[in-house]
Structures are given as C-alpha cells and as structure tokens.
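Work through the exercises below with the structure open. Each task is followed by a stepwise solution.

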Amino acid sequence: MLPYLGRMLPPTSLERRLVLQSVLSAFATGSFLTGTAVFFTRIVGLSASQVGLGLSLSGLVVFALSVPAGRLADRIGARRLWLIASVLEALAYLAFPLARGFVMFAILMAVLGTIETAARSGRGAYWLVIFERETRVRGMAYMRSARNIGYTLGAGAGGFALAIGTRPAIIAVPLLTAFLLVINAVLISRMPDVRRTADAGPDVAVAGLAVEGVEAGPGQGGVPGLRNVGFVILGLANGVLGTNQILLNVVVPLWLVERTDAPHILLAWLFGTNTVMAVLLQVRAARGADTVTGCLRLTRWCAWSFVLSCLLIAVTHDTVGWVSIVLIWAGHVTITGAELWQSASAWGFLSELSDPARLGEYQGVFHLGWQAASIISPALFTWLAMEQGAAGWSVIAAIAVVAAAVSHPAARVAEARLQQEAAVVTV
C-alpha cells in the first residue's frame, strides 16, 4: 500500500509543496460550498431564488473580469497577485457572518467573485511558468487531483457542521474557511519566486520576465489574446466540453430524482465515484497532453465520452430497478472520463498555445469559454434533458461533438498564429 501511495505523489519537492497548498485551499473553500444554501437561507435570511440570483450576478462579474485579471497577473507578477488575492479572500469570508439581506449578500458575492478570479489567474499563470514545459501538464494534473482530495475533506467538515445544525455551528464554517485561507496565504508566500535566467531558453526567460511584472514582447494596444481568433474559438469550444460539470452536478442529479426510479442515495455513490476517479486517474488521463496533437486526441475522447454518457442516461427513463442503477452509474463514469480528458486538454492547450510573454492574459481569454458556457448551459441543458427527454440528450451529445470538431481547426490556427508571432520577435 505504501509504495502505491508513494507513486501517487508527484516526484519533485516543488510539486509536493504545491499539492499540499492545493489540498488546503480546496479544503477551505469546499467546507463552505457544502453548506452554502443552508448558510445563506438560515443565517443571511434569503430565499432560494435570491441565492440563485446572487450566484448568477457573481458569475457575470467573473466573466467580465477574466481577461483583466489575467493581464494584471502579467503586470504585477503571478505569485504576488495570487498571494494578495488569497489574503483578501480570507477577509471576505470573515465578513459573511455579518451579511444581512440580499443587497449585502450580492455585494459580498461580487467582491468574492472578483477576488477568486484574481487568485485563479495568479495561480494559473504561476503554474504555467514555474513548471518546465515538459512537466506542466503533469504538474497541473497532480494539482487537480490534490484539489479533489481537498474538496472531499472540506465537504466532510461542512457536512459535520450541517449535521450539528445549530446557528453557531453553521456560522463557524466561513470562519473555518477564513482561518484555513490564512494558512494557505502563508504557504503561497513561501513558494519560490518565478525567476528564470536567459540561459534557460528564450521562451522560458520571456515567460519568467512577464510573470515577474516586466513587459516582455512587442508593445501592442488592446488585448492581443483576444485578437488570436483561433485561440478564442478554441477556448469557447473547450468551455463547451467543460460543461461536463453541469451534467455531473446539476442535470444528472435532477434526472435521477425526477425521471428515474433509482434510489436517491445513489447520488452519494455517484459523487464518490467521480471523486475517486478524479484523484486516481487524472494524472494518467493527462498523458499525451504535452503536444497540440495529443490534446486534440484527448478532445475527441472527451466528446465520445460525452456522447456515450448521454445515450446511457437517456434510456434510464424507461428502465427499472438495477438496470437503472447500473446505467446511471455507467453514464456518470463516462462523463467523468470526459471531465478528466477535457481538463488535461485544456492545460495542454494553455501550455502549448499561449504567448509566453502574456501567460496570464491568454489564460483569462481561454477561460472566457468556460465562464460563458457555465452561464448558459445550466438552464439550456436542464431544459433539453428534463423537457425534451431522449431528443434533448441527443442535442446535448451533438453540441459536444460540434465543439470537438471545431477545436481541431481552431487549434491549428492558434498554433500558426503563435509561430508567426515568435518569428516576428526573433527577427
């Protein structure tokens, strides 16, 4: 057992430190996410519709700030932005027990969304430049596995508070989150500076300068990342494939409860299966994502997993007993496979197709796709599945296939654009 666990740990000291930080930060936020609905309804005094509206407003803020936050990471430094945002995030959670009414709630959610966007941009840019190109995707896969462990532990802590059910126990959850995020900020402050010397290679040197806040690359107005049409389209397509999370967390649970005879306790097993697969298989699923061609292959696997999952889930409307249970579980396994391959391809595309002088900006541009899809897809996919049945599930599958098909020419256009820009810089 111990040798097996040892093989699950990343090979370098830096990666292990980042894994510890990832577990801690995910534990912190996961503990609060578990009891979000209860906290906002019982403590803040909101209705369910007000909670939903506040979360939607936060989503719009995150969408609007994605690119500016990425550019800020390039300008002031990735680790610096990550650290500042992490400290502010802890302070924001300390304010939640003081919230009363919808207006204060909406303001807090918008502020928290802004801070989390900045933290995510700084963290992502830091990961891209701290790892050598050959190990970037592997390192990010380890971080995602670690965050899944943290979210699971956090869910347990939040669930314990909900089981107690008293007002002090529920209020203690955001306070625990804030305390853990302070420790998280300390860990980030002790991460190595992102400084590379010129002898590490031209791409690495430029990236290191950019993340330290020095403008590298030709001065251009506007947002160069948004002018890279292939990269923008690729981000949108990858965002569509990233809606596997909407199926996992929203559509399939609703379908199970309202359209099948499967026992509701199965939901716990489904989420457990997803977590175990994400922890154990994410690094393996990322193999091959260190080239554009490899990423496109994973994108195709993601789309076919999407299709198979939709087919399996759709037929459970007419099945009974153990047949329903097995098919729903199999559908959840296949959509989890789509999640693992989509995540790996996203890291690979970011690593291979981002302008090294603008890693934060390109990350913000790429994530616009997921953020736009996360705003549209919950209502769309729920309507398709719950109101249109098998036909709706077929449309969802077709959307995934189209996204994968579009990804191929978009990636090649983005690749050609990056090569042209590199040639201009060299000249």
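**Exercise 1.** Decide how H11 and H15 run relative to each other in this predicted model.

*Solution.* H11 and H15 are roughly antiparallel. Start with the angle: H11 (residues 229–241) and H15 (residues 321–353) pack at about 165 degrees. Angles over 145 count as roughly antiparallel, hence the label. Next, the spacing: the axes of these two helices lie 10 Å apart. Last, the handedness: the H11 and H15 crossing is left-handed.

**Exercise 2.** Describe the packing of H12 and H13.

*Solution.* Find H12 at residues 244–259 and H13 at residues 266–285. Their axes come within 11 Å and cross at roughly 150 degrees. That angle makes H12 roughly antiparallel to H13. The crossing of H12 and H13 is right-handed. Now list the contact: H12 brings Leu248, Asn249, Val252, Pro253, Leu256 and Val257. H13 answers with Leu266, Leu267, Leu270, Phe271 and Asn274. The H12–H13 contact residues split into nine nonpolar, two polar and no charged.

**Exercise 3.** Are Cys295 and Cys302 buried or exposed, and how many disulfides does the structure hold?

*Solution.* The cut-off for buried is under 20% relative accessible area. Cys295 has 0% relative accessibility, so Cys295 counts as buried. Cys302 is also at 0%, and therefore buried. The disulfide count is zero.

Terms used. Residues numbered from 1 in each chain as written. Predicted model: local features only at pLDDT ≥ 70, side-chain atom pairs only at ≥ 80, totals over all residues. Heavy atoms only, no water. Disulfide = S-S within 2.5 Å. Buried < 20%, exposed > 50% of the residue type's maximum accessible area, 1.4 Å probe, protein only. Axes fitted to C-alpha atoms, helices over the stretch in contact; angles between N-to-C directions. Helix = DSSP H or I, 4+ residues; strand = E, 2+ residues; numbered from the N terminus. Parallel < 35°, antiparallel > 145°, perpendicular 65-115°, else oblique. Left-handed = near helix turned anticlockwise from the far one by under 90°. Contact = heavy atoms within 4.5 Å. Nonpolar A, V, L, I, M, F, W, Y, C, P; charged D, E, K, R; others polar.
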